[in-house]
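Subject: Structure handover

Hello,

Here is the structure I promised to pass on. Please open it next to this email and follow along.

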Amino acid sequence: MDSREKYPIEPGMWIRTEEGEKLFFRRYSSTGHWGFFADGNHHSAREHKLPLAGLKPWHRDARP
């Protein structure tokens, strides 16, 4: 089972962390259990590495 089948998010989606941060999912790590996220989808935005477990897509009409 690859990361796309295991987690409900995929690159190009916005997610919201448990702390309420909105981040852009850029790419999977080589292991597929981590992802690289940024504050924006601009190529120069700073990246953060987070575990994929428990992350969900961000929906504009959803409340934090």
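Start at T17, which is buried, with a relative accessible area of 10%. Keep in mind that this is a predicted model. T17 sits in the loop between β1 and β2. Leaving out residues up to four places away in sequence, T17 touches L23 and L50.

**The overall layout**

Now step back. The protein has one helix and five strands. From the N terminus on, the elements run α-β-β-β-β-β. The five strands form an open sheet, in the order β4-β3-β2-β1-β5, with antiparallel pairing. β4 and β5 (56-57) are the edge strands, each pairing on one side only.

Two totals for the protein. Of its 64 residues, 31% are buried. Among contacts with a separation of 6 or more, 30% are between residues 24 or more positions apart.

**Strand by strand**

A general point before the pairs: strands of a sheet pair through backbone hydrogen bonds, either parallel or antiparallel.

- β1 (residues 14-16) and β2 (residues 22-28) pair in the antiparallel sense over three bridges. W14 has F24 as its bridge partner in β2. Five residues lie between the strands of this hairpin, and G20 takes a positive phi near 90 degrees there.
- β2 and β3 are also antiparallel, with four bridges. Y28 stands opposite G35 in β3. This hairpin has five residues between its strands, and G32 takes a positive phi near 85 degrees.
- β3 and β4 pair in the antiparallel sense over five bridges. Here A38 has E47 as its bridge partner in β4.

**The core**

Which residues make up the largest nonpolar core? There are nine: Y7, I9, I15, L23, F25, Y28, F37, L52 and L55. β2 supplies the largest share of this core, with three residues.

Look at I15 in particular. Not counting residues up to four places away in sequence, I15 touches I9, E21, K22, L23, F37, L55, K56, P57 and W58. Of these, I9, L23, F37 and L55 are also listed in the core.

**Aromatic rings and charges**

The count comes to three aromatic pairs. One of them is W14 with F24, edge-to-face, at 5.2 Å centre to centre and 65 degrees between the planes. W14 lies in β1 and F24 in β2, so the pair ties together parts that are ten residues apart in sequence. Is W14 buried or partly exposed? W14 counts as partly exposed, because its relative accessibility is 24%, which is above the 20% limit for buried. F24 has 14% relative accessibility, so F24 counts as buried.

F25 and Y28 form another edge-to-face pair, at 5.1 Å centre to centre and 90 degrees between the planes. Both F25 and Y28 are buried. Together with F37, these residues form one aromatic cluster. F25, Y28 and F37 also belong to the nine-residue core.

R27 lies over the face of F36, at 3.9 Å from the ring centre. The charged end of K49 sits over the ring of W34, 5.3 Å from its centre.

Last stop: D39. Where is D39 placed? In the loop between β3 (34-38) and β4 (47-51). D39 counts as partly exposed, because its relative accessibility is 48%.

Which residues does D39 contact, leaving aside neighbours within four places in sequence? They are W14, K22, L23, R46 and H48. With H48 there is a polar contact of 3.3 Å, side chain to side chain. K22 is 17 residues from D39 along the chain, and their C-alpha atoms are separated by 7.0 Å.

**Where to look again**

Y28 is opposite G35 and pairs with F25.

Best wishes

Terms used. Residues numbered from 1 in each chain as written. Predicted model: local features only at pLDDT ≥ 70, side-chain atom pairs only at ≥ 80, totals over all residues. Heavy atoms only, no water. Helix = DSSP H or I, 4+ residues; strand = E, 2+ residues; numbered from the N terminus. Buried < 20%, exposed > 50% of the residue type's maximum accessible area, 1.4 Å probe, protein only. Contact = heavy atoms within 4.5 Å. Polar contact = N/O pair within 3.5 Å; in protein donor to acceptor, adjacent residues only side chain to side chain. Pairing = 2+ DSSP bridges. Phe/Tyr/Trp six-rings, centres within 6.5 Å; stacked < 30°, edge-to-face > 60°. Lys NZ or Arg CZ within 6 Å of the ring centre and 35° of its normal. Core = buried A, V, L, I, M, F, W, Y, C linked by side-chain atoms within 4.5 Å.
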